[in-house]
Structures are given as C-alpha cells and as structure tokens.
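Subject: the two-chain model

Hi,

Here is the model I promised to pass on. Have a look at it first, and my notes on what I found follow below.

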Amino acid sequence: MFRRSLLVGLASVAFAISAQAEVLGPCGTPDAQTPAPATPATASAPAVAAGPVVASIPLPGQKAPNFELQAVVGEEVKTIKLSDYDGKWRVICFYPADFTFV
Amino acid sequence: MDVEVISVSTDTVFSHLMFKQTSPTVKDVKYPMASDPSGEVSRAYGVWQPESGLNKRGRFIVNPEGTVMAVEVLTGPVGRSVDELIRQIKAMQAVADNPGMAAPAGWQPGDDMITTRIPQDVGTY
C-alpha cells in the first residue's frame, strides 16, 4: 500500500508534468566559465585531513554528468542520453531495484 | 512544469520490462526507465553502493543548461516526497523566470517572491 502510493506518486508527477505544458521563460544565465585559481607555489598541508574515500555526488552548481543508457520507454527499449533533454528541466531519480518503491 | 523525468537503477532493461508488465502502478509510467547494470552512471552520481551493487535513492534536479540545482540522497528504506520535489522545481522555475527574485523558506507556487541581493551569477548556489 505504502509502496504503491509512492509509485503512483512518482508516476503522477510525470503525468502532471506532461499534462501541464507550461512555457518556460528565460531560465537564468548560463554558467560563466571561471578561470581556475592559480596553484600556490609552495605545497602546504591540507586544511582538512583526508577522510575515507567517499562517492562524489555532483552538488548544486556543478554540471550534471552526461550519460548514455539503455532505457525502457513505453514498451520499447531505447538508448537515451541526459543531453537528449538539454533545454528542459530534468529530474533524475536513482532507486535501488525494480519491485521496490521508487 | 514541463519537466523530463528519468529513473535509473542497476536492473537490466528486461527487469524493467517485467516490472512494467507486472506492476499496475508502473504499467503506465511514461518516463524513460534507464538501466545501469555496470553501475557506471550511478557511481558518477555518487549513489552506487559497492556492498550491494544497488543504488541509494538519489534525486537530482537539473536545469535546462545541464547544471545540478538540487540533490536529495536517502537511504534505501526511506521514501521520497513527490510534493516537495514539485515544490522545489516550481520554485526554481519561478526564480529562473524572475531574475533578482527569490522563493523564501516554505514558498509554495502562487506565493509572493522576495527580492534578493544575491547576484545572479551565483543563482545556482
């Protein structure tokens, strides 16, 4: 029941999203390319001690890594890229496994 | 809202097809259900778990220019809030449509926006 309502929820987002074809206005300014800061001449100790290696999550303000994957679209299997949807707002939802709630 | 949803798990496309055929709630899903069996893309987004080979529940809002605007990563047993997702997207679209304006805490679609002195070039903060 709980799982179902969440799945329905996510499915209804997609539905609401496609049903409401609102026209997007100007979507802010593109990111300006900022030059990399000059590296200091002398190496110094890091300000923060290196912890265990953790997965790097792209944070707000960073470029979303592009990808190309096989996907089920409707009843077909297609190859899709994130960049196929350039110019649109996108939501990427990762989830553990099929047959669980999304 | 005009938003494209893409879901990603490490299941195969065959599992996705079976999921769609057997689950009444997933049957009518229109958005692409992508398959990342090697976990390569899921690792690039930092949500892949080496112990299980399964993803955390990670959700990324990406703007039309391809910049990440919001991130939410939950542990597996906790579900998401679709209402909050929609609120955030609408707030970001409102901010994008109204340069110099901000959607303050608790903002809901239709609420007044406030002026901000945060420069536009850090609009993706």
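Helices (H or I, at least four residues) and strands (E, at least two) are DSSP runs, numbered from the N terminus. With that in hand, strand E5 (residues 57–62) of chain B is joined to E6(B) by six bridges, and the two run antiparallel.

Some housekeeping. This is a predicted model, where local features need pLDDT of at least 70, side-chain atom pairs count only at pLDDT 80 or more, and totals for chains, interfaces and linings use all residues. Residues are numbered from 1 along each chain as its sequence is written, while chains are lettered from A and ligands numbered from 1 in the order in which they are written.

The model scores ipTM 0.91 and pTM 0.74. pLDDT is the predictor's confidence in each residue, from 0 to 100; chain B has a mean of 90, with 93% of its residues at 70 or more. Among the elements of chain B, E2(B) has the highest mean pLDDT (98) and strand E7 (residues 101–102) of chain B the lowest (88).

Chain A has one helix and three strands, in the pattern α-β-β-β along the sequence. Chain B has three helices and eight strands, and from the N terminus on they run β-α-β-α-β-β-β-β-α-β-β. I call a residue buried if 20 or more other C-beta atoms (placed from the backbone) lie within 10 Å of its own, exposed if 12 or fewer, and partly exposed in between. By that count 21% of the 102 residues in chain A are buried, and for the 125 residues of chain B the figure is 36%.

The C-alpha atoms of chain B fill a box of roughly 50 × 30 × 25 Å along the principal axes. The domain assignment (bounds come from an automatic or database assignment) gives chain B a domain 1 (1–55) and a domain 2 (76–125). Taken over C-alpha atoms, their centres are 27 Å apart.

Which strands make up the open sheet, and in what order? Seven of them do, running E2(A)-E1(A)-E2(B)-E1(B)-E3(A)-E5(B)-E6(B), with mixed pairing. The edges are strand E2 (76–81) of chain A and strand E6 (68–74) of chain B, each pairing on one side only. Neighbouring strands are turned by 25 degrees against each other on average, direction ignored. (Axes are lines fitted to C-alpha atoms, for helices over the stretch in contact, and angles run from 0 to 180 degrees between N-to-C directions.)

Two helices of chain B pack on this sheet, where contact means C-beta atoms, placed from the backbone, within 7 Å. Helix H1 (residues 13–22) of chain B touches strand E1 (68–73) and E2 of chain A plus strand E2 (33–35) of chain B, and its direction makes about 20 degrees with that of E1(A). Helix H3 (residues 82–97) of chain B touches strand E3 (89–94) of chain A along with strand E1 (3–9), E5 and E6 of chain B; its direction makes about 20 degrees with that of E5(B). The buried residues of H3(B) include Leu85(B), Ile89(B) and Met92(B).

E1(B) deserves a look. Six bridges join E3(A) to E1(B) in parallel, with Phe94(A) partnering Val8(B). Three bridges join E1(B) to E2(B), also parallel, and Ser7(B) stands opposite Met33(B) there.

The hairpin and the loop after it

E5(B) and E6(B) form a hairpin with five residues between them, and Gly66(B) in the turn has a positive phi of about 90 degrees. Val62(B) has Val68(B) as its bridge partner, and Arg59(B) has Glu72(B).

Gly79(B) is found in the loop between E6 and H3 of chain B. Is Gly79(B) buried or partly exposed? It is partly exposed, because 19 other C-beta atoms lie within 10 Å. Gly79(B) and Arg57(B) are 22 residues apart in sequence, yet 7.9 Å apart in space, C-alpha to C-alpha.

Cheers

How values were computed
Two strands pair if DSSP finds at least two bridges between them.
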